[in-house]
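Subject: Structure handover

Hello,

Here is the structure for your files. My notes follow below it.

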Amino acid sequence: MSAKQSNCSLHEILQTPCGSSRHNESHVFLSECNVDISAHLSKCGDVTEAELIMSRVGIRGMSATQLTHVTICPRHRHSLGRFW
């Protein structure tokens with residue numbers, strides 16, 4: 001399920017512009033960020049894409065329920081996730 005809004009939830013924290021990336025323009029909920037990143041983090045154990053993004057932003061202790069309310073744009077998802 002894609003979330004529709006002009007800025008993602010991380011815009012306020014990061015103070016960087018939201019936008020598209022790799023021809024993707026749809027915001028998603030952080031709970032949907034579950035792309036396999038094991039090849040990118042082979043020495044970090046079992047870390048999910050959402051956990052990597054949260055760690056890079058400095059968010060700790062967010063529950064699975066809370067992740068269903070946090071949106072992320074493709075630009076932030078890719079720059080903080082598997083394409084960093």
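Start with helix α2. What covers its buried residues includes α1 (11-14), α3 (64-67), β3 (71-72) and α4 (74-80). Contact here means heavy atoms within 4.5 Å. Helices (H or I, at least four residues) and strands (E, at least two) are DSSP runs, numbered from the N terminus.

Before the rest, the ground rules. This is a predicted model, in which local features need pLDDT of at least 70 and side-chain atom pairs count only at pLDDT 80 or more, while totals for chains, interfaces and linings use all residues. Residues are numbered from 1 along each chain as its sequence is written, and side-chain values use heavy atoms, with hydrogens and water left out.

Back to α2, which spans residues 49-57. Its buried residues are Glu49, Ala50, Leu52, Ile53, Met54 and Val57. Buried means under 20% relative accessible area, exposed over 50%, and partly exposed in between (1.4 Å probe, protein chains only). Glu49 counts as buried at 2% relative accessibility. Leaving out residues up to four places away in sequence, Glu49 touches Cys33, Asn34, Val35, Ile37 and Arg77. Just after α2 comes Gly58, with a positive phi of about 95°.

Next, the cysteines. A disulfide is a pair of cysteine sulfur atoms within 2.5 Å. By that rule the count is 0. Cys18 is in no disulfide: the nearest cysteine sulfur, in Cys8, is 3.6 Å away. Cys18 is buried, with a relative accessible area of 15%. What about Cys33, and how far is its sulfur from the closest cysteine sulfur? The distance is 9.9 Å, to Cys8, so it is too far for a bond. Cys33 is buried at 2% relative accessibility.

Now the loop between α1 and β2 (27-29). Most residues other than glycine have a negative phi. Gln15, in this loop, has a positive phi near 55°. His23 is found in the loop between α1 and β2 too, and its phi is positive at about 65°. Are these two residues buried or exposed? Gln15 is exposed, with a relative accessible area of 60%. His23 counts as exposed at 86%.

Last, the rings. Arg22 lies over the face of Phe83, at 3.6 Å from the ring centre. A charge sits over a ring if NZ of Lys or CZ of Arg is within 6 Å of the ring centre and within 35 degrees of the ring normal.

Best wishes
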